[in-house]
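Hi,

Here is the structure I promised to pass on. Have a look at it first, and then read on for what turned up in it.

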Amino acid sequence: VYGILLAAYSIERPTSDITDGLRIGGCFLVGAILSLLSSYIGVAISTDSNIRAAHAAETDGISKTLKVAFTASSVYSFTAVGFALLGLSIMFYLSTLGRSDDITIAEGAEFGMKSLVGFGLGCSIISMFVRIRGSIFAKSSDLGASLVQNELHGAQNPAAVAEQVGVHVGDVGGNGADLFETFVLAIIAAGSMADGDIILVALPFWLAGAGVVS
């Protein structure tokens, strides 16, 4: 996909700058990497917090358990939106950096938002594949667990454990990638409707940042 975007926008450039394809393809690549990293961190945090929550439930009761669960979820939420805002801000800056003198600030800002559509495409593709990967892993493991269920039960059945891993990846990783994608696309959609007005382009970034702080 990166190669297609690079070739397509290098041949049919939105502006006169020869780096248009590289900028849009780079946005796609960064969006995909950050979405995948966000999903991986979500699974890691969830796995660790599940162990801590189970221990807290056994030793300290429901209050401590809920505190562990909410803390872990908030850590991942801040991680996802932090990656999203950081990635969008940096790629918007790089997309408008060093533009030719023959375009206005408004045209540069408009192209910057168009470039970020590639960022959103990268997020969407990773989100789809993370969900599909988890579902396929879970279903194939479910079949294996069914074949040997008469011999081994519960945690003694490796296929049953693998099935739960697949469910965990599909649910936690998929939801994390979905959260990242939704947050990114909301900012891109709002900024794309600004028609190059730099104040209106910056507004969704500022609102998203204020939401994180609040």
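A quick word on terms before the fold: helices (H or I, at least four residues) and strands (E, at least two) are DSSP runs, and they are numbered from the N terminus. With that in hand, the protein reads α-α-α-α-α-α along its sequence, that is, six helices and zero strands. Please keep in mind that this is a predicted model. The protein has 214 residues, and 38% of them count as buried.

Let's start with helix H2, which covers residues 20-59. For the 40 residues of H2 that gives 58 Å, and the end C-alpha atoms are 58 Å apart, so the two agree. Just after H2 comes glycine 61, with a positive phi of about 95°.

H2 also turns up in the largest pocket, where its six residues are the biggest contribution to the lining. The pocket holds about 170 Å³ of space. H2 and H3 are the elements that give two or more residues to its lining. Among the lining residues are Gly42, Ser46, Asn50, Ala69, Tyr76 and Val172. What is the lining like by class? It has six nonpolar and six polar residues, and no charged ones.

Next, the aromatic rings. The count comes to one aromatic pair. It is made by phenylalanine 92 and phenylalanine 205, whose ring centres are 6.1 Å apart. Their planes meet at 45°; planes under 30 degrees apart would count as stacked and over 60 as edge-to-face, so this pair is tilted. The pair links distant parts of the chain, since phenylalanine 92 sits in helix H3 (residues 62-96) and phenylalanine 205 in helix H6 (residues 198-213), 113 residues apart. Are these two buried or exposed? The cut-off for buried is under 20% relative accessible area, so phenylalanine 92 counts as buried at 15%, and phenylalanine 205 does too at 14%.

Last, the cysteines. A disulfide is a covalent bond between the sulfur atoms of two cysteines.

Cheers

Note on methods: Residues are numbered from 1 along each chain as its sequence is written. This is a predicted model: local features need pLDDT of at least 70, side-chain atom pairs count only at pLDDT 80 or more; totals for chains, interfaces and linings use all residues. Side-chain values use heavy atoms; hydrogens and water are left out. The expected span of a helix is 1.5 Å times one less than its number of residues. Rings of Phe, Tyr and Trp (its six-membered ring) pair if their centres lie within 6.5 Å; planes under 30 degrees apart count as stacked, over 60 as edge-to-face and the rest as tilted. Buried means under 20% relative accessible area, exposed over 50%, partly exposed in between (1.4 Å probe, protein chains only). On a 1 Å grid over the protein atoms alone, a cavity is a set of points where a 1.4 Å probe fits but cannot get out, and a pocket is an open set with protein on both sides within 12 Å along at least five of seven lines; lining residues have an atom within 4 Å of a point. Grid points are joined across faces, edges and corners, and a volume is the space filled by probe spheres set on the points. Ala, Val, Leu, Ile, Met, Phe, Trp, Tyr, Cys and Pro count as nonpolar, Asp, Glu, Lys and Arg as charged, and the others, Gly among them, as polar.
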